Amino acid sequence: MALHRDIFWIGRQWAVTGAGIQAVDQRLRGVLDIEVARLWDDDLVGSRRAKPGVNAADFDKALAVARERFPQASALDPMIAPPEALGVVDISAVSSVVPEMKLYAEGRLARFLPQWRIRR
């Protein structure tokens, strides 16, 4: 996998990009890359550091830069706002009665009926 277009730090073997930590050597095809969401997974980080041929000092520097750049997400997803912040109306307060839709087309020719269209 090619390096992400946003490169924040680059070392001899590792780079911190918008996708997380990526190996600079493109022949690995992203096998050792660590996504942003998994930067704080110590088991995954330990397994990547233990791989043969990994420059541990460069990897540790990349990990430190990446964890500083992408702080650990809280238990709640930051992309989803709580309903109170969005001003959501309590559904129980809204009437559950929906007016019946009626279509009056009896006895008319279809070509003379008003047309409706959904515009994009």
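These are my notebook entries on what I looked up in this structure, a predicted model.

**Entry 1: overall layout.** I began with the secondary structure and found three helices and four strands. I read the order from the N terminus as β-β-β-β-α-α-α. I then looked up burial: of the 120 residues in the protein, 20% are buried. For the accessible surface I noted about 10,200 Å², with 57% of that belonging to carbon and sulfur atoms. I also looked up contacts between residues at least 6 apart in sequence, and 39% of these join residues at least 24 apart.

**Entry 2: the core.** Which residues have the most contacts inside the largest nonpolar core? I listed W14, V16, I21, I34, L39, F59 and A62, in a core of 17 residues. At least two residues of this core come from each of β2 (14–17), β3 (20–23), α1 (42–49) and α2 (56–69). The most come from α2, which gives five. I then picked out I34 and looked up what it touches beyond four places away in sequence. Its partners are A19, G20, I21, L39, L44, V45, R48 and F59.

**Entry 3: helix α2.** I checked the span of α2 next. Its 14 residues reach 20 Å from the first C-alpha to the last, close to the 20 Å expected at 1.5 Å a residue. Which residues of α2 are buried? I found D58, F59, A62, L63, V65 and A66. Their cover includes β1 (7–10), β2, β3, β4 (34–35) and α1.

**Entry 4: aromatic pairs.** In one of them, the ring centres of F8 and F70 are 6.1 Å apart and the planes stand at 70 degrees; angles over 60 count as edge-to-face, so I logged the pair as edge-to-face. F8 is in strand β1 and F70 in the loop between α2 and α3 (83–86), so this pair ties together parts 62 residues apart in sequence.

W14 belongs to strand β2 and F59 to helix α2, so the pair ties together parts 45 residues apart in sequence. I noted that both W14 and F59 are buried.

**Entry 5: a charge over F8.** Last, I went back to F8. The charged end of R69 sits over the F8 ring, 3.7 Å from its centre.

Definitions and conventions
Residues are numbered from 1 along each chain as its sequence is written. This is a predicted model: local features need pLDDT of at least 70, side-chain atom pairs count only at pLDDT 80 or more; totals for chains, interfaces and linings use all residues. Side-chain values use heavy atoms; hydrogens and water are left out. Buried means under 20% relative accessible area, exposed over 50%, partly exposed in between (1.4 Å probe, protein chains only). Contact means heavy atoms within 4.5 Å. Accessible areas come from the Shrake-Rupley method with a 1.4 Å probe; for residues, only the protein chains shown count as cover. A nonpolar core is a set of buried Ala, Val, Leu, Ile, Met, Phe, Trp, Tyr and Cys residues joined through side-chain atoms within 4.5 Å. The expected span of a helix is 1.5 Å times one less than its number of residues. Rings of Phe, Tyr and Trp (its six-membered ring) pair if their centres lie within 6.5 Å; planes under 30 degrees apart count as stacked, over 60 as edge-to-face and the rest as tilted. A charge sits over a ring if NZ of Lys or CZ of Arg is within 6 Å of the ring centre and within 35 degrees of the ring normal.
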